[in-house]
Amino acid sequence: MGRYILRRLLIAIPTVAVISFVVFAILALAPTDPLSSFGADPRVPPEVRAAIRTSLGLDDPWPVRYVKWVTSLAQGNFGFSFMSHSPVIDLLKQRLPNTLAVVGVAYIIGVVLAIPIGMISAVKRYSLFDHFATTFAFVGFSVPTFFTGILLIIVFSINLRWFPFIYDSTLVIHDLSSFLDQVKQSIMPITVLALFDTATIARYTRAEMLEHLPLDYVRTARSKGLKEQAVVLQHVLRNSLIPVVTLVALGVPTVFGGAIVTEQIFRVPGIGELLVRSIGDGDTPVVTAILLIFAVLVVLFNLFADILYAVLDPRIKYS
Amino acid sequence: MRWRSTLAISFSAVILAAACAQTGTPSTSPGQSAGGSPAASGGAAAFKRGDGGQLNILYWQAPTILNPHQATGTKDSDASRLILEPLASYGPDGKPLANGLAAEIPTVANGEVSADFTTVTWKLRQGVKWSDGTAFTADDVAFTFTYVADAATAATTNSSTQGVKSVVAKDPNTVVVTYDAPNPNVYQYGVGYVSNGGILQKAQYAGCAGAKAKDCPADLKPIGTGPYMLDTFKPGDVVTYKANPNFRDPNKPYFKTVQLKGGGDAESSARAVFQTGDEDYSWNLQVAANILQPMIAASTKGKMLSVYGSSVERILINFADPNAAGDLRGEPSTKHPFFNGPDGLLVRKALAMATDRQTVANQLYGGGLTGKPGCNIITGVPDFESTATTSFCAAFDPVAAGKMLDDAGWKLGSDNIRAKNGIKLKLTYNTTVNAVRQATQAIMKTNWEKAGFSVTLLQTPAATFFTNTSPDGANHFWSDIEMFTNNSDPDPTSYLDGWTTKQIAQKSNGWQLGNYNRYSDPTFDGYVTQLRTETDPAKRATLIKQANDNLILNVVIIPIVTRTQVTSGISTTIKGDTPTGWDSEMYNIADWYK
């Protein structure tokens with residue numbers, strides 16, 4: 001097992017290197033210009049634009065810039081944002097807590113709700129509950145988050161005035177009332193995201209359960225005289241969860257990637273919002289850093305999922 | 001699955017964001033200026049510092065840096081204006097206003113501007129302190145000049161220092177600005193926050209000039225002389241401020257704290273001020289008029305703050321041939337087949353005549369809510385506003401335009417496109433991705449096709465359009481016509497320079513210069529040359545109008561809509577804001593109260 005992990009980690013190094021090269025190349029070759037925000041402003045004449053370009057290090061050909069970037073990355077330096085002149089890592093540190101508080105919580109809620117829903121749907125197939133859950137699931141992953149987000153804002157913020165729709169990242173939780181404020185300001189984005197997560201995972205769980213329910217080992221368990229509850233929970237659910245756990249593990253990196261649309265709508269200053277704005281601004285140091293971290297997380301969680309697979313299913317052995 | 005759909009949505013978000021960014025274009029340039037106004041120094045109300053609670057301001061673009069000299073947009077410049085101050089601002093009338101660090105505005109009359117328009121003596125306010133309690137002196141002003149003028153600093157405000165020989169601290173309260181040559185625009189250095197930025201504290205920025213400016217930590221926490229001082233700043237998210245205990249006016253500012261939140265979109269920003277009242281001030285509400293108008297009408301909490309400056313949404317006509325072979329594409333050595341041929345002026349006039357600015361202004365800009373039909377490129381300062389163009393613009397008639405072409409031999413073919421000598425009136429029309437602009441394009445296309453043109457619409461994301469590096473950009477101008485908004489300082493000399501022959505954007509200068517049209521007219525060049533030296537205000541006004549008329553009547557540009565420079569929502573409870581179209585929207589934040 002140890003050798004296996006080591007081998008996988010070693011394989012991951014060239015993978016990440018290739019990803020970093022591709023990401024950098026695509027961004028370097030994209031026509032987006034960090035100076036485009038000046039528009040055609042006559043107050044920023046060509047000499048000034050040229051000076052800014054030089055100071056941002058954009059004069060070098062992009063392969064040279066790539067080498068410089070990788071060199072500083074090797075020393076743990078993600079570089080400086082073009083837009084804020086601050087280290088990229090500081091921006092990420094400021095934003096990660098917001099993303100985890102919203103996207104992370106939504107993911108946990110999604111998983112916690114989805115597994116029982118999927119299980120009950122499968123066991124009581126075609127029951128009223130199943131129909132309801134199925135409808136809910138289809139709504140969950142077919143209605144886009146920009147729609148549900150705006151709908152919630154209009155209903156709960158504009159009409160009912162229950163929740164604010166502008167996320168305040170300066171809020172410090174120090175007592176019950178500030179905690180309630182945090183709940184109020186994050187409940188809508190969390191709902192939007194959890195709806196999607198719940199729907200996806202619930203459908204997956206249901207499908208896996210349905211696949212296992214007619215199998216021989218389930219019949220055997222029943223014929224041993226086990227209670228139905230024990231059959232479902234200890235045999236069927238456990239076996240069905242193996243691929244679900246993999247799916248959930250593979251979804252974790254996306255939590256760190258933030259939720260681009262939802263963060264934008266509710267003004268949650270998370271990683272996703274940073275990513276999309278930086279793309280628009282041509283702030284390449286930030287974009288490359290986020291995409292690279294994301295790539296590393298995907299590689300790591302893939303490995304993690306594979307290991308978990310072996311732990312959950314004793315038949316699988318890595319050597 | 002999750003990632004895939006996130007990705008798909010992210011693309012639409014990018015487009016949405018770009019669209020929004022675009023709507024805001026006029027203001028994404030750091031060029032808005034807010035100047036000062038009569039009330040600026042006053043504040044008639046009797047209030048004491050910190051009487052108010054928190055002032056909540058919402059910008060749908062988030063500030064990312066608090067040094068106005070490194071600002072990449074209005075958002076940064078405005079957010080820093082609460083902390084930093086210029087020598088003077090441009091007031092609502094486009095004239096200098098002493099609401100900054102200068103005690104008064106230098107003029108020839110008070111002897112502070114030399115008779116030859118070469119030196120300007122600025123008297124500074126006495127006893128001003130930085131928010132850290134140290135004394136502000138003329139040295140800080142001289143230092144700020146050195147910082148900005150150093151090309152290695154790469155300051156976005158650098159053009160304010162061009163042609164300035166020196167800025168010297170004569171004594172702790174006097175600064176002398178000397179220009180290389182007589183400069184009729186004596187306020188070029190010193191007035192206007194957008195073009196000049198604020199005065200930086202020498203002690204804080206001494207280690208940040210030149211090459212070290214690039215990643216200067218002070219840019220995220222500047223010390224200023226302004227009414228508020230920084231509390232916390234999260235780039236791209238939120239800025240919080242506290243009242244500056246050392247502000248020079250002991251009763252100001254009124255609010256104890258200010259929060260400036262960034263991000264989101266313009267439409268929900270409008271909701272926050274008009275419907276929920278969560279925000280006291282919501283910046284740049286460039287929202288489709290049919291959504292915005294009912295919101296404002298039904299609101300008891302907020303009202304619209306609309307002020308015109310110099311922003312004009314305009315169509316540019318290409319004088320070069322965008323389809324020339326190889327390296328000659330769009331080069332000034334080529335001539336546009338029908339816009340710059342023997343019938344060039346006639347064809348251009350036909351296009352202008354078939355341009356329906358009234359419908360665009362009414363349907364898309366709410367008939368005066370965010371814009372009005374415009375006919376001049378130089379607008380906003382009454383003295384410079386030409387009337388010679390009015391009748392020319394009033395003649396909207398696509399059928400007559402078609403007839404004019406017909407009479408000149410441009411006959412309709414079986415494909416409904418006019419042609420003469422084998423040249424067809426087929427044109428491509430590029431602009432940024434933006435809902436309002438796409439609607440404008442559709443209106444133009446309909447009318448122009450009635451006159452016998454064939455129009456292909458193109459759209460380019462803002463981040464690719466406003467750059468000299470992209471073949472789809474405004475600078476390359478490899479289409480027949482293009483459309484965007486731009487604006488100028490109250491003195492339009494450098495703005496008008498952007499249509500002179502020496503400013504033609506082409507391959508040899510990396511498309512960096514401002515004359516995208518590749519217009520070349522010695523008469524026009526002459527006006528701009530004279531503006532550089534003419535000091536008599538009446539003669540200047542005449543020259544400016546002549547230059548304007550030259551561009552309009554020769555149909556180099558077709559102005560469509562004069563857009564509001566300030567287009568913000570403000571709580572009905574806020575008093576004291578007298579917005580200007582020539583300086584930062586926050587130029588008189590010291591005077592705001594409830």
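**Architecture of a predicted two-chain model**

Leaving aside residues up to four places away in sequence, V258(B) touches Q54(B), L55(B), I57(B), L82(B), Y228(B) and Y241(B). The model is predicted.

In soluble globular proteins, nonpolar side chains tend to be buried together.

Chain A was examined next. Its secondary structure comes to 12 helices and 0 strands. The C-alpha trace spans about 85 × 60 × 35 Å along the principal axes of chain A. Of its 319 residues, 42% count as buried. Among chain A contacts between residues at least 6 apart in sequence, 71% join residues at least 24 apart. The mean pLDDT of chain A is 90, and 100% of its residues reach 70 or more. Within chain A, the element with the lowest mean pLDDT is α2(A), at 85. The highest value, 94, belongs to α4(A).

Helix α8 of chain A covers residues 216-223. It is hardly covered by the rest of the structure: of its 8 residues, the count of buried ones is 0. Just after α8(A), G225(A) takes a positive phi of about 95°.

Chain B contains 18 helices and 19 strands. Its radius of gyration is 25 Å, close to the 25 Å that the globule rule gives for 594 residues, so chain B is as compact as a globular protein of that length. Its C-alpha atoms fill a box of roughly 80 × 60 × 45 Å, taken along the principal axes. Buried residues make up 60% of the 594 residues of chain B. Among chain B contacts between residues at least 6 apart in sequence, 71% join residues at least 24 apart.

The two chains meet through 55 residues of chain A and 67 residues of chain B. On the chain A side, α2 (46-55), α4 (88-123), α6 (145-159), α9 (228-256), α10 (260-266) and α11 (271-281) each supply at least two residues. Helix α2(A) gives the most to this side, with 7 residues. By residue class, the chain A side divides into 27 nonpolar, 20 polar and 8 charged residues.

Several elements of chain B were then considered in turn. Helix α8 of chain B spans residues 266-274. Of its 9 residues, 8 are buried, so α8(B) is largely enclosed by the rest of the structure. The buried residues are A266(B), S268(B), S269(B), A270(B), R271(B), A272(B), V273(B) and F274(B).

Strand β7 of chain B, residues 228-234, is mostly covered, with 5 of its 7 residues buried. It pairs with strand β8 (residues 238-243) of chain B in the antiparallel sense over 6 bridges. T232(B) stands opposite T240(B) in β8(B). Together β7(B) and β8(B) form a hairpin with 3 residues between them. In the turn, G236(B) has a positive phi of about 80°.

The loop between β8 and β9 (255-262) of chain B contains P250(B). P250(B) has 9 C-beta neighbours inside 10 Å, so P250(B) counts as exposed. In sequence, P250(B) and R49(B) are 201 residues apart. In space, their C-alpha atoms are 6.8 Å apart.

An open sheet of 3 strands in chain B has the order β13-β14-β15, with antiparallel pairing. Strands β13 (411-412) and β15 (423-424) of chain B stand at the edges. Each has a single partner strand, so one side of each is left without a neighbour in the sheet. β13(B) pairs with β14 (residues 418-420) of chain B over 2 bridges, in the antiparallel sense. The bridge partner of L412(B) in β14(B) is R418(B).

How values were computed:
Residues are numbered from 1 along each chain as its sequence is written. Chains are lettered from A and ligands numbered from 1 in the order in which they are written. Helices (H or I, at least four residues) and strands (E, at least two) are DSSP runs, numbered from the N terminus. The radius of gyration is taken over C-alpha atoms; the globule rule is 2.2 Å times the number of residues to the power 0.38. A residue is buried if 20 or more other C-beta atoms lie within 10 Å of its own, exposed if 12 or fewer, and partly exposed in between; C-beta atoms are placed from the backbone. Two residues are in contact if their C-beta atoms, placed from the backbone, lie within 7 Å. Ala, Val, Leu, Ile, Met, Phe, Trp, Tyr, Cys and Pro count as nonpolar, Asp, Glu, Lys and Arg as charged, and the others, Gly among them, as polar. pLDDT is the predictor's confidence in each residue, from 0 to 100. Two strands pair if DSSP finds at least two bridges between them.
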